[in-house]
Amino acid sequence: MANKDFVVRFAGEGGGGLVTSAELLAQVTAQVGYHVQTYVTFPSQIMGGPTFAQARISTDPVLSYGDDLDVLVAFDREAYDTHQEEVREGGVVVYNSEDFQLEADGKSFGMRIDELAKSTGNARAANMVLLGAISHLVNMPENYLPEFVTKRFTRGRSGDEEIIKANIMALSLGREEAKNSGFSLGDLADPMPPRGDQIMIKGNDAIAIGAIAAGLDLFVGYPISPATTILQYMERNLIGPGKFVYQASSEIESINAIVGGGFSGRKAMTSTAGPGFSLMSEGLGLAWMAEIPVVVVDVQRGGPATGLPTKTEQSDLLAALHPAHGDVSMPIIAAGTVEECYHAAILALNWAERYQGPVILLSDHALSEQAQNIPRFELDKVVAEKRKVYQGQNGYERYAGIGVSPMPIPGGPGAYVANASEHDGVGDTTHLPNRHIDMTERRFSKLKLLEEDAVYERENIDERIAVMTWGGSKGATREAYNLMTSEGSKIAWYYTMQLNPLPPKLLEELKEKDLVLIPELNYLGQFSSILRSKGVKAESITQYDGKPFKVRDLVKAITGRVQSHDKELVQV
Amino acid sequence: MSKKNPEYDFKWCPGCGDFGVKRSIEMAVEKRNIQIEAPMENNVVVAGIGCSGNLVHLLDGAQPFGIHGLHGRTLPVAFGVKMGNPDLNVLIVSGDGDFLSIGGEHIAPQAQRNLDVTAVIMDNAVYGLTKGQSSPTTIFGEVTPSTPYGKIESALDPLDVYLSLGVNFIASGFSAKPRELAELIHQAMDYKGFSIVHVQSPCPTYKDTFEVLKGNAKKEIAPLVYDVPKDYDSTDKQKARELLGKGGIPLGVIYQNPDAQSLDQRFREVSQKVKIRDLEAQVGAFAI
């Protein structure tokens with residue numbers, strides 16, 4: 001039977017080469033209609049350090065980055081030692097024999113990668129030598145790669161032809177080498193191309209495009225891994241009449257600047273990661289208190305403090321819910337896939353406009369760097385909401401009553417003071433007990449507006465035990481769920497991006513369950529603790545090693561919890 | 001708040017210098033509005049935390065927009081307001097604690113950017129609202145509730161700091177001279193770039209420095225403040241350094257850079273120069 005799915009990892013010393021190799025492999029296979037997903041991890045340094053990048057190629061949509069390796073490309077000894085255990089039974093290791101030698105072990109073969117590249121006259125063709133070798137190992141039709149290379153390097157420049165020739169030569173050299181090694185992984189099943197136009201995009205770019213599609217006007221941010229590429233996308237593109245983008249001097253400046261921008265009538269956003277998010281706490285309180293629409297994207301990394309800047313974790317949920325002192329409850333949208341990054345950004349801007357206050361969008365390191373084929377965004381389907389703007393006379397009480405009220409914009413009527421202190425209707429500071437009661441209730445009442453478009457996923461809803469993950473663990477959890485239910489497991493599936501406020505009906509359904517299992521990448525079990533506080537019998541399945549879940553581990557953990565739950569029932 | 005708001009219970013102490021600053025701001029804004037035919041709602045007052053920040057609630061007459069934010073963050077908020085809508089006139093009201101202590105980190109970046117806002121800093125060399133603790137401009141050795149054995153750090157020289165950080169318009173005023181101060185604030189608002197009007201605004205409750213500043217011939221106290229000489233060239237940075245090195249507190253425009261472009265002008269220039277793909281084309285760049 002032909003292979004429907006394979007995973008290739010490139011490992012070695014850091015630098016762009018490994019990532020480029022994985023992304024090229026993803027590109028070439030996506031172009032002929034396979035589904036792909038890449039995964040990258042690297043140390044927090046500019047050059048060098050142990051890095052790996054991998055691509056998973058499948059005939060079906062790819063949900064996770066892949067538990068086991070079909071092919072490991074090891075550029076040095078350390079990479080081989082670190083990763084060879086993850087190569088599956090029957091998998092192949094291609095190693096750089098210019099760097100080290102291995103005894104024949106029935107699964108590895110060496111290639112003089114750079115030497116082969118140089119022999120083509122183009123020393124930069126090393127990636128192509130490898131792709132050629134891989135194409136033999138998985139028995140890829142011979143025409144895919146040369147066609148891809150021809151398309152990629154036809155750029156209307158005088159040297160195009162020479163570059164194409166060298167790269168095609170590199171492909172066939174690699175292919176020959178692999179063929180001579182005698183290794184093969186069998187045939188690759190024909191692709192089942194997805195319908196409609198596809199794009200290959202990473203989570204952070206999808207967030208940036210979603211925000212711009214929703215009408216973002218003003219972006220101020222500070223470089224921080226793994227959120228920086230959002231800032232960079234904005235710096236390149238958020239320019240034009242009425243638009244403004246700037247690199248701030250700190251996250252404190254970022255958050256206060258977007259509050260100023262929101263106050264002046266603009267759709268304003270910043271992006272950051274844990275340490276920056278902590279610095280934004282007080283400013284988020286200001287936006288909540290003064291009722292100013294802003295969006296803060298937190299691309300989570302390992303924490304606390306400086307933590308693990310280039311590893312993934314989902315440990316900012318509690319901080320996102322209550323980032324600031326005093327009574328606050330921040331609206332939170334958590335993206336679970338690259339595609340959801342786009343939709344989450346649109347929803348976040350819409351929510352901010354609708355309820356006139358701050359909204360947190362949570363993503364994570366793994367999503368930020370993960371390239372994936374997804375349907376092309378349908379920009380004409382975007383509904384971009386706009387806040388209600390006050391158009392009446394002066395002498396307006398901007399903060400009167402319960403619920404959201406039209407917001408005056410500087411330059412227009414209804415001058416008021418947007419006040420971080422407790423205030424009366426016009427925004428003057430007050431300390432009266434009744435005012436604080438009324439204003440506190442007013443601020444919380446607005447959250448109701450965010451339940452209007454509550455959506456969530458539900459399957460097998462009659463089962464007593466449910467699995468409900470959140471954020472970037474969605475893919476691996478879904479793959480585990482699919483595997484388990486296909487083998488007869490009796491579990492329900494629930495999922496939503498809207499973590500606060502939770503869709504009320506979802507909450508009602510969850511409360512009915514005997515057990516709700518929450519896979520999440522943190523130590524505390526943050527989401528399950530929130531659900532338990534709302535009366536759901538929730539338990540977390542946690543992992544906190546800086547890496548995403550493996551499907552196999554999830555299947556094992558979920559099965560174990562289900563079994564011990566069943567055992568308890570019998571004992572009762 | 002144009003009429004008396006019975007619910008608003010904040011009051012400046014009788015004799016507070018901030019009354020004079022408030023009057024000066026009202027005069028300057030009114031003059032500017034008439035001069036350029038701008039409505040009051042085109043003005044935004046960004047207030048910090050402290051006695052000075054409460055000015056935003058105490059203005060008489062037609063009301064500008066206001067934003068009374070966090071302690072120390074007037075400049076970042078003003079940055080967002082101004083770049084959100086460069087047509088607005090943005091005025092910061094802050095004090096020595098809010099602007100120079102907790103907010104000090106924000107001065108340098110806005111100076112380099114030359115953000116076109118005007119900051120009016122009310123310096124009383126004391127934390128008034130928290131009842132008399134030492135501030136960055138409190139002099140060395142001063143006994144306050146937070147320096148009971150005398151302050152053991154030297155006083156910050158704000159004008160010198162502004163000049164060193166590259167602020168492009170620096171003026172020095174005195175709350176007891178509201179007409180002159182109004183003129184300085186008006187000039188600062190007129191200036192296309194980052195302007196600071198640093199005002200001696202004494203606190204009669206915790207640190208009454210009126211006499212020290214104005215002097216008292218009977219008590220043989222020489223005045224600390226003096227007007228900058230009529231022939232002083234405020235466009236010469238070297239002259240400004242020399243002036244500040246002489247001691248005392250000169251009143252007037254200390255320095256103005258006649259050539260600097262403001263941030264919104266620079267940003268607009270870049271915007272007009274670069275060609276940005278429309279969003280559909282941006283998405284298209286990711287096509288497989």
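Two residues are taken to be in contact if their C-beta atoms, placed from the backbone, lie within 7 Å. By this criterion, 55 residues of chain A are in contact with 44 residues of chain B in the predicted model. Seven elements of chain A each contribute at least two residues to the side that touches chain B: helix 1 (16-31), strand 7 (198-202), helix 7 (203-213), strand 8 (218-221), helix 9 (251-263), helix 11 (281-290) and strand 15. Helix 9 of chain A provides the largest share, nine residues. By residue class, this side of chain A consists of 28 nonpolar, 20 polar and seven charged residues. The model has an ipTM of 0.98 and a pTM of 0.97. For chain B the average pLDDT is 96, and 99% of the residues score at least 70.

Nine strands form an open sheet with mixed pairing, in the order 15(A)-2(B)-1(B)-3(B)-4(B)-6(B)-5(B)-8(B)-7(B). Strand 15 (417-419) of chain A and strand 7 (225-227) of chain B each have a single partner strand, so these two stand at the edges and one side of each has no neighbour in the sheet. From one strand to the next, the twist averages 20 degrees. Strand 15 of chain A runs parallel to strand 2 (residues 65-68) of chain B, to which three bridges join it. Within strand 2 of chain B, His68(B) is the residue opposite Asn419(A).

Elsewhere in the sheet, strand 5 (residues 169-174) and strand 8 (residues 249-256) of chain B are antiparallel and pair over four bridges. Ile170(B) has Tyr255(B), in strand 8 of chain B, as its bridge partner. Helix 6 (residues 158-165) of chain B packs on the sheet, where it touches strands 4, 5, 6 and 8 of chain B, and its direction makes about 170 degrees with that of strand 5 of chain B. Helix 1 (residues 17-36) of chain B lies across strand 1 (43-47), strand 3 (89-95), strand 4 (118-123) and strand 6 (195-200) of that chain, at about 165 degrees to strand 4.

The largest nonpolar core contains 245 residues, and those with the most contacts inside it are Val129(A), Ala345(A), Ala348(A), Leu361(A) and Val120(B). Helix 13 (residues 338-355) of chain A gives the most to this core, 12 residues. Leaving aside residues up to four places away in sequence, Leu361(A) touches Val295(A), Val297(A), Ile333(A), Ala335(A), Ala344(A), Ala345(A) and Ala348(A). Another core, of five residues, lies apart from the largest one and includes Cys16(B), Ala125(B), Tyr127(B) and Cys203(B).

Methods. Residues are numbered from 1 along each chain as its sequence is written. Chains are lettered from A and ligands numbered from 1 in the order in which they are written. This is a predicted model: local features need pLDDT of at least 70, side-chain atom pairs count only at pLDDT 80 or more; totals for chains, interfaces and linings use all residues. Two strands pair if DSSP finds at least two bridges between them. Axes are lines fitted to C-alpha atoms, for helices over the stretch in contact, and angles run from 0 to 180 degrees between N-to-C directions. pLDDT is the predictor's confidence in each residue, from 0 to 100. Ala, Val, Leu, Ile, Met, Phe, Trp, Tyr, Cys and Pro count as nonpolar, Asp, Glu, Lys and Arg as charged, and the others, Gly among them, as polar. A nonpolar core is a set of buried Ala, Val, Leu, Ile, Met, Phe, Trp, Tyr and Cys residues joined through C-beta atoms within 7 Å. A residue is buried if 20 or more other C-beta atoms lie within 10 Å of its own, exposed if 12 or fewer, and partly exposed in between; C-beta atoms are placed from the backbone.
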